[in-house]
Amino acid sequence: MKLLFDFLPILVFFLVYKSTDDIILATAVLIPATLIQVGFTWFKNRQIEKMHIISLVLVVLLGGATVLLGDGDFIKWKPTIVNWLFAIAFFGSQFIGQRNIIERMMGDKIELPHKTWRTLNLAWVGFFILSGSVNLYVAFNFSEDFWVDFKLFGLLGMTIVFIILQGIYLSSHLQNKE
């Protein structure tokens, strides 16, 4: 349910775009949808995930520029900037504290050698850089309609494939440990 809630603004953007073929209107609807999502999360939990804050700031800034200037290119940069910011954060986490981000997120559930945690973290860094780069390639080399489809289905598909590959990698290390 949380995953669906996290994708709600993207889904709203997608549905408005597909029904109007207007990226400016879809973006104008995306901004309040994201504000409502973050507001509801705050009201329900009294806290907001960093990912939602980053996304909200970028939606307001890049979405606002898209709407005010009538140029859909601004909103096309959002997935790339989010992914590249995550790449920077994951990479930087290797040098701050005892554990990187992946180990902090999953370390209480499974035990792995430090080298394996480092490899997983760097794999995520690479994935975020690749996702951001592919988004830019698609955004500026294909039609707007194709990019909207890619934004919802392509980036989600890439993430699912990467998580499956990560699971295979993890299982091989867990089996070797036993």
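Predicted model: local features only at pLDDT ≥ 70, side-chain atom pairs only at ≥ 80, totals over all residues.
Residues are numbered from 1 along each chain as its sequence is written, and side-chain values use heavy atoms, leaving out hydrogens and water.

**The largest pocket**
- The largest pocket holds about 1,400 Å³ of space; a pocket here is an open set of points on a 1 Å grid where a 1.4 Å probe fits, with protein on both sides within 12 Å along at least five of seven lines.
- Its lining has 40 residues, and those closest to the centre are Phe7, Met51, Val82, Phe86 and Phe128; lining residues have an atom within 4 Å of a point.
- By class, the lining splits into 26 nonpolar, 8 polar and 6 charged residues.

**H5 with H7**
- Helices are DSSP runs (H or I, at least four residues), numbered from the N terminus.
- H5 and H7 pack at about 160 degrees, with axes 8 Å apart, so they're roughly antiparallel (angles over 145 degrees, on a scale from 0 to 180).
- Phe86 of H5 and Phe128 of H7 are among the residues making this contact (heavy atoms within 4.5 Å).
- The contact has 12 nonpolar, 7 polar and no charged residues.

**H2 with H3**
- The axes of H2 and H3 come within 9 Å and cross at roughly 155 degrees, so this pair is roughly antiparallel.
- Residues that meet here include Ile24 and Leu35 in H2, and Val59 and Gly63 in H3.
- This contact has 10 nonpolar, 7 polar and no charged residues.

Terms used:
Points joined across faces, edges and corners; volume = space filled by probe spheres on them. Nonpolar A, V, L, I, M, F, W, Y, C, P; charged D, E, K, R; others polar. Helix = DSSP H or I, 4+ residues; strand = E, 2+ residues; numbered from the N terminus. Parallel < 35°, antiparallel > 145°, perpendicular 65-115°, else oblique.
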